[in-house]
Amino acid sequence: MRIVEEALGCKWSLEILNQVRRGVHRPGALARSLDGLSTKVLNDRLGEFVRYGLLEKRSYPEIPPHVEYTLTDFGRRFVDVLDSIEQLQREVSDPEK
C-alpha cells in the first residue's frame, strides 16, 4: 500500500495519470490541461510516478528539449486498479446502480 499512499498522496495525482492515459504526454500540455496545477507540483508528481514505475520518461535530443511521459505496463495495470476502486465508490454512493 506504500505506493498508493506515496504516489497518490496529492490531489492532482489521479488527474495527471488520467490525462497521460488520454494521450497528454508533454509536461507543458499537462500543465495547460489542468487548471490550477503548478509546475512544481506537476514535476514532483511526474518524478514520483517515474520512480514508482508508473510512467516512463522519454527525452528527445532536440532544441528546445522535448520530454514525454507514457504509462508503463505496470502503470496501465495500476490505473485499471484505480478504475475498479472508482467503480466501487460509485456503487457505494448510489446503491441503485
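Mentor: By class, the lining of the largest pocket holds 11 nonpolar, one polar and four charged residues, where Ala, Val, Leu, Ile, Met, Phe, Trp, Tyr, Cys and Pro count as nonpolar, Asp, Glu, Lys and Arg as charged, and the others, Gly among them, as polar. This is a predicted model, in which local features need pLDDT of at least 70 and side-chain atom pairs count only at pLDDT 80 or more, while totals for chains, interfaces and linings use all residues. Residues are numbered from 1 along each chain as its sequence is written, and side-chain values use heavy atoms, with hydrogens and water left out.

Trainee: What makes a residue part of the lining of a pocket?
Mentor: On a 1 Å grid over the protein atoms alone, a pocket is an open set of points where a 1.4 Å probe fits, with protein on both sides within 12 Å along at least five of seven lines, and a lining residue has an atom within 4 Å of a point. The largest pocket is lined by 16 residues, of which Leu8, Leu14, Leu82, Asp83 and Ile85 lie nearest its centre. Its volume is about 280 Å³, a volume being the space filled by probe spheres set on the points, which are joined across faces, edges and corners.

Trainee: Which helices each supply at least two residues of that lining, and which element gives the largest share?
Mentor: The helices are α1 (2-7), α2 (13-21) and α5 (73-93), and the largest share, seven residues, comes from α5. These names refer to DSSP runs numbered from the N terminus, helices being H or I with at least four residues and strands being E with at least two. By that assignment the chain comes to five helices and two strands, following the pattern α-α-α-α-β-β-α along the sequence.

Trainee: Why is Ser13 called buried?
Mentor: Buried means under 20% relative accessible area, exposed over 50%, and partly exposed in between, using a 1.4 Å probe and protein chains only. Ser13, found in helix α2, has a relative accessibility of 0%, and therefore counts as buried. Leaving aside neighbours within four places in sequence, Ser13 is in contact (heavy atoms within 4.5 Å) with Ala7, Leu8, Arg45 and Phe49.

Trainee: How do you know that the buried residues of α2 are on the same side of the helix?
Mentor: The buried residues there are Ser13, Ile16, Leu17, Gln19 and Val20. They cover an arc of only 160° around the axis, which puts them on the same side of α2; the arc is that of the directions from the helix axis to the C-beta atoms. These buried residues pack against α1, α3 (27-33), α4 (39-51), β1 (55-60), β2 (66-71) and α5.

Trainee: What makes His66 and Thr70 buried?
Mentor: Both have their place in strand β2. His66 has 14% relative accessibility and so counts as buried, and Thr70, with a relative accessible area of 15%, is likewise buried. Not counting residues up to four places away in sequence, His66 touches Arg26, Arg58, Ser59 and Tyr60, whereas Thr70 touches Val20, His25, Leu54, Leu55, Glu56 and Arg58.

Trainee: What makes the pair of His66 and Glu68 a polar contact?
Mentor: A polar contact is a pair of N or O atoms within 3.5 Å, of which, within protein, one must be able to donate a hydrogen and the other to accept it, residues adjacent in sequence counting only if both atoms are side-chain atoms. The side chains of His66 and Glu68 make such a contact at 2.9 Å.

Trainee: Where does the backbone call for comment, and why?
Mentor: Most residues other than glycine have a negative phi, and most peptide bonds are trans. Just after α2, Gly23 takes a positive phi of about 105°. The peptide bond from Ile63 to Pro64 is cis, with omega near -5°, and Pro64 has its place in the loop between β1 and β2.
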